Structures are given as structure tokens and as C-alpha cells.
Amino acid sequence: MRHVIQELAAQHSYQATQLLAILRAVQGRYHYIPAAAIEQLAELLNIPRTHIIGVVEFYSFFHLQPQGEYELLISDSITDQMLGKAELMAYLSERLQVPVGGVHADGVVSLDNTSCTGLCDQGPAGLVNGRALTRLDKAKIDQIADLISQRKPVAEWPAELFVVSDNIQKTALLLSQTVAPGAALQVVFSRGKAATLAALEQSGLRGRGGAGFKTAMKWRFCAEEADAVRYVVCNADEGEPGTFKDRVLLNRYAEQVFEGMTVCAALIGASQGFLYLRGEYLFLYEPLQAVLARRRVAGLLGNAILGQDFSFDISICLGAGAYICGEESALIESLEGKMGVPRNRPPYPVTHGYLGKPTVVNNVETFLAAAHIALNGGEGFASIGTDKSKGTKILSISGDCRRPGIYEYPFGTSVQTILNDCGADDVLGVQVGGPSGTFISAQELHRLLAFEDLATGGSFIIFNTRRNLLDIVNNFTHFFAHESCGFCTPCRVGTSLLKKQLDKIVSGHGSAGDVVALEELCQLVKNQSHCGLGQTAANPILTTLERFPEVYQSQLKKISYEPGFDLDAALETARRMANRNDPAAHLAQIEAEHD
Amino acid sequence: MTKTITLDGKAIPFADGQTIMQAATAAGVYIPHLCHHPEFTPHGSCKLCTVNVNGRNCSACTFPAAEGQDVLNNTQELNADRQKITQMLFVEGNHFCPSCEKTGNCQLQAVAYHLNMLDDHFPLFYPHRQMDASHPDVLIDHNRCIFCTLCVRASQQHDGKNVFAISGRGINKHLIVNAESGLLKDTDLAVTDKATHICPTGAIISKRTAYQVPIGQRVYDHQDIDAVSLATEQAHGE
């Protein structure tokens with residue numbers, strides 16, 4: 001092992017910023033991060049061992065304890081649940097003889113849940129040693145179990161297990177007319193940088209990750225910084241459950257995304273860019289490297305791009321299972337080889353980003369749109385959409401509809417129009433913008449896709465009236481508790497408390513005061529948390545409580561107070577030890593229950 | 001002319017580069033805090049020092065003071081939230097004040113008194129946490145750790161060492177020490193290190209000093225934390 005670690009560190013030039021890449025390789029090879037590897041890496045990278053342990057324990061895909069040679073993870077996103085994930089997971093656990101969250105005694109296979117893998121339009125989905133499995137069913141699970149029992153290497157598994165479809169259902173401005181490689185850059189150089197930035201300004205383009213900061217303004221701020229070293233970062237850590245548009249953009253439109261990044265670099269004066277790709281999209285890594293190589297050959301990356309005095313290149317960095325890294329400052333920390341903990345702001349990344357240098361961080365779709373605007377000018381783009389939301393939005397549609405997939409709409413399109421197009425009826429509600437967004441009910445389908453009405457990063461999950469609202473909210477609330485980075489008190493403790501309090505109500509142990517207590521807690525977590533994760537973690541509860549208070553109320557017991565624990569269940573250990581189960585060995589939760 | 005911010009309706013001066021916390025402390029105004037210490041880089045994680053700046057919640061310990069700021073600090077609403085955040089810290093760990101040797105000298109306990117916290121409010125987590133008594137002079141009781149990182153920062157920024165770190169994610173966060181064995185005895189921590197004495201709770205304590213000062217004669221037994229905090233932190237020139 002010493003030799004392997006030495007080689008790995010050398011390949012990554014002994015840079016501590018490369019820690020995630022190195023650990024991904026160690027995990028891939030040994031199926032855990034051995035203590036000896038940590039010791040050796042601490043020496044080689046000249047960082048404390050505690051730094052490495054911190055990173056290993058932070059990211060879901062790294063483990064201090066050995067996992068199976070086959071690391072199987074099944075997506076626990078609500079859309080996978082709706083497609084029968086629970087039953088499949090039970091079947092898989094039974095077939096492989098391994099408990100969920102455990103490793104088989106022979107060390108061959110481990111099985112666990114994972115957060116949304118971005119394959120909501122073709123679930124139930126999973127990962128085996130990092131490679132995406134789609135459309136799982138019992139037959140495929142039998143096949144997988146057989147492959148594992150034959151000890152067939154994952155590289156030799158049948159390709160049909162790993163088919164990922166683009167499912168592009170509706171195209172508009174951006175997806176119907178793509179930018180030929182180099183075309184936008186040519187225009188930038190002929191038109192000039194100032195005029196290009198003006199076009200971007202005129203277009204009204206706002207960040208597509210959901211927050212909606214004006215792109216031209218961000219780029220201008222960065223360009224105006226005194227420091228000569230600047231960076232461009234593309235945020236492809238698409239972790240919001242129900243979002244998968246960036247997966248498709250990077251599979252089908254990567255040239256244009258890279259073109260947009262290069263345009264940005266030209267305008268702000270950056271020579272290095274990064275694509276931060278979520279670990280779940282490992283299958284895109286090699287194809288994307290091939291696109292970058294092609295662009296280098298074509299003179300669109302590297303030195304003297306298109307013969308100009310402009311050098312720029314792009315590296316791809318893979319994440320390792322952490323939703324929080326979609327937050328831009330956490331993403332930058334992760335790029336630097338650290339735990340993905342959001343920074344204190346100010347300063348903002350645009351002045352103090354990667355390695356403390358001015359950095360533009362934008363969403364995949366923002367760069368795609370920027371390339372379009374650089375080529376075609378801002379006017380056409382600005383003529384589409386609403387007053388405050390220009391252009392189009394690419395949606396990832398999943399859940400209860402006949403045609404899930406990718407849809408591009410002008411801003412200002414109504415939810416009802418979208419539902420008609422994707423074949424959804426009998427709608428209970430739609431989760432717009434993912435768990436951190438808004439749950440809208442069937443009474444609000446006239447509402448519009450726009451920053452001024454329903455802002456969204458692109459997640460659009462449809463639920464029909466046969467779905468249980470509280471199951472949905474429960475899934476989302478557990479998701480946030482799992483993904484909280486733990487930095488600040490209100491989110492670290494608050495998301496776990498939200499989970500406990502909601503579980504209490506859902507399991508029928510709630511009483512009159514419990515919904516009020518839940519709502520108070522929601523407000524506290526929302527108002528006091530450090531970053532967007534905590535500030536939106538209570539949204540699933542708050543937005544459904546507002547619309548469906550009766551659903552919550554109907555779960556409550558008709559008493560004024562119910563303790564947070566089950567008294568009788570707490571006596572179970574004592575009953576087993578005493579080997580008795582007579583009526584006197586049981587206690588009612590409250591006296592009234594004796595009547 | 002001196003630059004000023006408005007803090008609870010009163011103009012207070014600040015110098016460029018000062019945080020709201022620094023300006024407030026210098027002006028003799030206490031803003032509750034646990035993870036902040038004037039000698040070290042602010043961390044901004046405990047969120048007790050949240051103040052409202054022109055309508056937006058910000059951490060006073062990290063947010064730069066600037067002209068035109070109307071800052072709310074000592075309001076009923078903010079203090080109610082601070083009380084709840086303190087309750088969160090209590091239920092997350094295992095804090096049993098009557099049997100803790102830090103009682104009376106504990107900032108978590110003192111802040112709780114200051115905020116008039118009378119119960120835990122939230123359900124207790126009762127996490128299973130370990131103790132590390134391996135070091136001859138210093139003991140870690142993980143039950144009482146609130147992840148403020150003061151020991152991490154004191155070791156790095158004052159002692160010139162790197163003894164402590166926070167590891168894990170979310171509710172599984174925990175304090176780790178820099179030794180292959182994972183034990184405090186195998187680190188280069190000395191009882192004289194600042195990191196040994198900086199813990200606001202009883203998570204890191206010097207051995208054999210527990211009851212040298214009797215209960216009833218300790219720092220916060222007779223003084224509120226606002227007075228103690230201002231007196232010591234103003235001495236640091238904030």
C-alpha cells in the first residue's frame with residue numbers, strides 16, 4: 001500500500017488541494033481509507049492527520065471502516081421512494097444477505113442508502129462503486145446479486161445496467177440552437193470584452209442555481225478586483241433532490257458549457273477554471289475529459305486561445321457525496337481539499353474565493369446561457385421571459401407524470417402548462433425548486449415560473465393525490481438532517497430536532513402543542529442558520545403546514561400533552577431481562593389510556 | 001470624524017476593520033457569545049451573537065461594522081432565539097451541571113443564566129460520547145463539547161501546535177486530537193497550553209484542579225457573564 005499511496009500523492013503533485021481526488025482513489029482501491037494511508041498522506045501532503053480524518057468523516061463516500069468490494073448505494077430520494085425503492089431495498093438486502101447500512105460478513109458487499117443521485121427520471125437508481133445504476137427492478141437486482149456472487153468486476157457488468165438516458169422532452173432557446181465550438185469566443189474577440197459584458201448585462205441573465213444574482217454584475221465585480229489571479233468555477237454539484245438538468249447539459253451540451261466558462265475567463269481575466277462535478281456523476285468524468293481534450297486540440301483551451309493573448313484551462317474535480325458543496329463557498333472549500341463548510345461572508349467569493357483569490361462561481365446552466373448570449377447578443381434573450389426573469393429555464397421534471405425528463409420553458413410559464421406538457425393529472429401538489437423550494441398545492445397551478453413568483457434551480461417534482469403528504473415532508477426533513485454540515489448550532493441541532501419532532505407527529509405520538517412547537521422550531525432554524533441549507537431546511541414543513549394544516553392536525557392525539565418518548569417501548573429491555581410480558585410489565589403512556 | 005454604527009438606538013464608534021462584536025465590546029455593550037474569543041480568528045458558528053443589521057440577521061463576531069448600520073442586539077426576539085440556541089447546545093450533548101466540575105466557571109451555564117433559560121425545552125439527545133483521560137494532566141469529556149473550536153484555534157494560533165480538530169458532519173460532529181492513536185496522551189499538548197484552558201465548557205479540563213475553588217466562589221457564582229465578559233475582553237483592547 002505504501003507504494004500505491006506514494007504514487008497517488010506524486011500524481012497529484014503532493015498538493016493538499018488534491019486531497020479529495022487522492023482519497024477517492026484510495027477509497028476506490030481499498031474500499032475504505034486505512035489509518036496507515038492517512039498517516040502517510042499527512043506526511044506526503046504536509047497537512048495534519050486531523051485534516052484528513054475530518055475530510056474522510058465529512059463526505060458520505062469516504063469511510064474509515066472497510067466497506068464491501070462492491071459498495072452498493074441506493075438512492076433514498078422521494079422520487080425513488082415513489083417508484084418502489086423501499087420494497088426493492090428490502091429485496092436487495094434479502095438477496096445479498098446484508099443489512100442496510102452494513103457490510104456482509106465476508107466483506108464482499110456493503111449496502112446503504114444515499115441521497116438523490118440525480119436520476120429521478122429513471123429511478124429507482126443507485127450506485128455500485130460509484131457507477132450509476134438506473135431503472136432498478138427485481139430482475140435487475142437478481143442480475144446484480146448473481147454478478148456479485150460470481151465476483152464479476154463492475155467493469156465487466158453488462159452495459160444495460162448503467163444506461164443513463166437524457167430524456168430531453170422539450171427544447172426552446174438554449175437547447176434547440178447550440179453554439180458551435182469556438183463560435184462564441186470568436187465573437188467575444190471581434191466584438192470586444194466590454195461590449196460582450198454589456199450584452200450580458202442587456203440580456204438580464206441571472207444565476208440559474210436558484211438565488212438569481214445578476215451574472216453580468218458578478219463578472220464585473222470579479223474583473224474589477226485588484227488581484228491579477230482569478231478563477232472561474234462551474235458548479236456542477238447538482239444535489240437538490242429532483243434536479244438532473246446539469247447531468248444532461250454536461251452529457252449533451254458540455255462544449256457550450258465549457259465555452260461559457262472560457263468566455264467568462266476572457267472577460268474577467270482568469271487563466272484557470274474548475275468544473276466541480278458531484279461524485280454521483282462519475283460516469284460523466286471520462287466523457288467530459290474527452291471534450292476538454294478536444295477543445296485543447298482545437299485551440300479553444302490552453303495557451304493563446306484562438307491566437308489571442310489569452311490562456312485558460314479547465315480541471316474537473318469530483319465531489320464525494322455532500323449536498324452542502326452546492327453552496328458556493330462550501331464548494332470552494334471542497335475544491336481546496338477541505339470539508340465542505342460554508343464560509344463566513346463577507347468576504348464573498350467574487351473577492352476572496354478559491355485560495356483567497358477573486359472567483360466567479362456559476363451554475364452549469366448559467367454558463368450555457370452565457371455562451372449563447374456571447375454569440376447572439378443580449379437582445380433576443382431579454383425579449384423572452386418576464387420583467388424580472390429573462391430568458392428560459394431548464395427544468396428537471398420527475399414524479400407522477402407520464403413523461404419525466406428535461407423541459408425548457410420561457411420564464412413566465414404557468415405550472416399548469418408544464419403539467420399538461422409532461423402528462424400529469426390528479427395533482428396533489430408540486431415541489432418547485434426541490435426540498436429547499438416551495439410545495440404548491442393544486443389550487444396554485446396558475447402560478448408562474450419566475451424569480452418573482454416561483455424561483456427554482458430546476459427541480460420540479462409532481463405528486464398525485466394518492467401520495468401521502470407527510471411521507472414526502474418526512475423524506476425531505478430527514479434529507480436535510482443528513483446533509484447539514486454541522487457548522488452552526490441552529491442547523492446542526494435544529495435539523496435533527498425537526499426530524500424528531502416531525503417523526504413524533506407522523507408516528508401518531510403528537511398532541512395539541514406539538515404542531516405549534518414544530519412551527520416555532522422551523523422559524524428558528526430558518527432565521528438563525530448560517531447558510532442556505534439551514535435557512536431552507538424547514539421549507540418542506542413550513543410550506544405544507546401553511547397549505548395543509550388539517551393533514552398535520554389529523555395526526556394529533558386528542559390530549560393536551562404527549563411526552564417525546566414511548567414509555568412502554570422504553571421498558572422493553574427490562575421485560576426481556578426479566579423474561580416477562582404480563583400486563584403488569586406494561587405501562588400506559590398516560591393514565592387515561594387505562595380507561 | 002469618528003465613524004459610528006447605531007446599536008440598539010445608540011450611536012457607538014468603530015474603526016475600519018472592526019467587527020460589530022469588537023465595536024460593541026469596546027463601547028461596553030455585551031453581545032452573548034460562546035465561540036468567539038478576542039484573541040482568535042472569529043468562527044461564527046455558535047450563532048448566539050446573531051444581531052439584526054438593517055433587517056438582516058448576521059453574526060456580530062464576523063460581520064464588519066460599517067457606517068449606516070442600524071444594529072439590533074438586546075431585543076426580546078433575539079434573546080428568545082438565543083435562549084433556544086443555548087437550549088439546543090444543552091440537549092445535543094450531556095450537560096449535567098450539578099455533577100460537572102466546571103459548574104460556576106462554565107460559560108455555557110453562565111450564558112444560560114444570562115438568557116434566563118429555565119429548562120431544556122427540546123427533547124434530550126443523550127448521545128453516547130467518550131472520555132479521554134489518557135493524558136497525565138488534561139482530560140477530555142466529549143459529553144460537554146459544543147464544537148466552538150476555541151481549543152482548535154488556541155492550539156494553532158497561540159500555542160503554535162495543532163492538537164485539536166473538529167471532524168464529522170452534521171449531528172455527528174466531534175472533537176478529534178492529532179495523534180495516530182487518537183489519544184490525547186500521544187499529542188504534544190501541555191497543561192500550560194492556552195488550548196488546555198480556553199474551553200468555555202467542561203469538555204477540556206486540567207486534572208487535579210477541580211475543586212481548588214469551592215462551588216459558590218467561582219467566576220459566575222457572583223457575577224453575570226456580561227460583566228465578566230466585558231471586563232476581560234475589553235482588556236484585550238477590543
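In the predicted model, the contact between the two chains takes 31 residues from chain A and 29 residues from chain B, two residues being in contact if their C-beta atoms, placed from the backbone, lie within 7 Å. On the side of chain A that touches chain B, two or more residues each come from helix 4 (49-58), helix 19 (469-483), helix 20 (489-506) and helix 21 (512-528) of chain A; helices are DSSP runs (H or I, at least four residues), strands likewise (E, at least two), and both are numbered from the N terminus. Helix 20 of chain A gives the largest share of that side, eight residues. By class, the side of chain A holds twelve nonpolar, 14 polar and five charged residues. Here Ala, Val, Leu, Ile, Met, Phe, Trp, Tyr, Cys and Pro count as nonpolar, Asp, Glu, Lys and Arg as charged, and the others, Gly among them, as polar.

Chain B is assigned domain 1 (3-81 + 230-235) and domain 2 (97-222), with bounds from an automatic or database domain assignment. The centres of these domains of chain B, taken over C-alpha atoms, are separated by 25 Å. Twelve residues of domain 1 of chain B are in contact with 16 residues of domain 2 of chain B. The side of domain 1 of chain B that touches domain 2 of chain B comprises six nonpolar, five polar and one charged residues.

Residues are numbered from 1 along each chain as its sequence is written, and chains are lettered from A and ligands numbered from 1 in the order in which they are written. As this is a predicted model, local features need pLDDT of at least 70 and side-chain atom pairs count only at pLDDT 80 or more, while totals for chains, interfaces and linings use all residues.
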